[in-house]
Amino acid sequence: MKYILAIHNTLSDIFIKCFDTKEDLLAFFNDNDWNLIETVDWNHLEKYTDAEAKYVADKQSSAWHHLRAYLRVIK
């Protein structure tokens, strides 16, 4: 499976990050102090294979700099 994040950044628009494992994805969030959305089923991320990416995390480093991460899983 591939875990693809589309990250919307208020400063530079959108960028993409890809991960080969769920562990790598979770380490990225943990190492970079992201706030995980509690309604996401973190134990079963494999089910987020819909055509629409799921809003899964956010991060605010200042009053004017905000990031939002959207996940899509590809089998």
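Two strands count as paired if DSSP finds at least two bridges between them. Helices (H or I, at least four residues) and strands (E, at least two) are DSSP runs, numbered from the N terminus. This is a predicted model, in which local features need pLDDT of at least 70 and side-chain atom pairs count only at pLDDT 80 or more, while totals for chains, interfaces and linings use all residues. Residues are numbered from 1 along each chain as its sequence is written, and side-chain values use heavy atoms, with hydrogens and water left out.

**Stop 1: the sheet**

Start by selecting N9, and then L67 in strand 5, which stands opposite N9. Strand 1 and strand 5 pair in the antiparallel sense, over eight bridges.

Next, select H8 and find I14 of strand 2 opposite it. Strands 1 and 2 make a hairpin with three residues between them, and their antiparallel pairing runs over seven bridges.

Zoom out to see the five strands as an open sheet with antiparallel pairing, in the order 2-1-5-4-3. Which strands stand at the edges? They are strand 2 (13-19) and strand 3 (35-36); each has a single partner strand, so one side of each is left without a neighbour in the sheet.

**Stop 2: the two faces of strand 1**

Show the side chains of strand 1 and watch them alternate. Y3, L5, I7 and N9 point to one face and are buried (under 20% relative accessible area; exposed is over 50%, and partly exposed lies in between, with a 1.4 Å probe and protein chains only).

**Stop 3: helix 1**

Select residues 22-31, which form helix 1. This helix lies across strand 1 (2-9), strand 2, strand 3, strand 4 and strand 5, and runs at about 25 degrees to strand 1. (Axes are lines fitted to C-alpha atoms, for helices over the stretch in contact, and angles run from 0 to 180 degrees between N-to-C directions.)

Colour K22, L25, F28 and F29, the buried residues of the helix. Seen down the axis, they fall within an arc of 125 degrees, so they line one face of helix 1; the arc is taken from the directions from the helix axis to the C-beta atoms. On the face turned away from that buried side, look for the exposed residues E23, N30 and D31. Just after the helix, click on D33, which takes a positive phi of about 55 degrees.

**Stop 4: the core**

A nonpolar core is a set of buried Ala, Val, Leu, Ile, Met, Phe, Trp, Tyr and Cys residues joined through side-chain atoms within 4.5 Å. The largest one here has 19 residues, and L5, F29, V56 and L71 touch the most other members. Strand 1, helix 1, strand 4 and strand 5 each give two or more residues to this core, with strand 5 giving the most, four.

Centre on L5 and show its contacts (heavy atoms within 4.5 Å). Not counting residues up to four places away in sequence, L5 touches residues including F15, L25, F28, F29, V56 and L71.

**Stop 5: the salt bridges**

Three salt bridges are found in the structure, each a side-chain nitrogen of Lys or Arg within 4 Å of a carboxyl oxygen of Asp or Glu.

- Select K2 and D20, whose closest N and O atoms are 2.3 Å apart. K2 lies in strand 1 and D20 in the loop between strand 2 and helix 1, so this pair ties together parts that are 18 residues apart in sequence.
- Select E46 and K22, with closest N and O atoms 3.4 Å apart. E46 is in the loop between strand 3 and strand 4 and K22 is in helix 1, 24 residues apart. K22 counts as buried at 18% relative accessibility, while E46, at 27%, is partly exposed.
- Select K47 and D41, where the closest N and O atoms are 3.1 Å apart.

**Last stop: K75**

Finish in the segment after strand 5 (66-74), where K75 is found. Is K75 buried or exposed? K75 is exposed, because its relative accessible area is 76%. Leaving aside neighbours within four places in sequence, K75 is in contact with M1 and T49.
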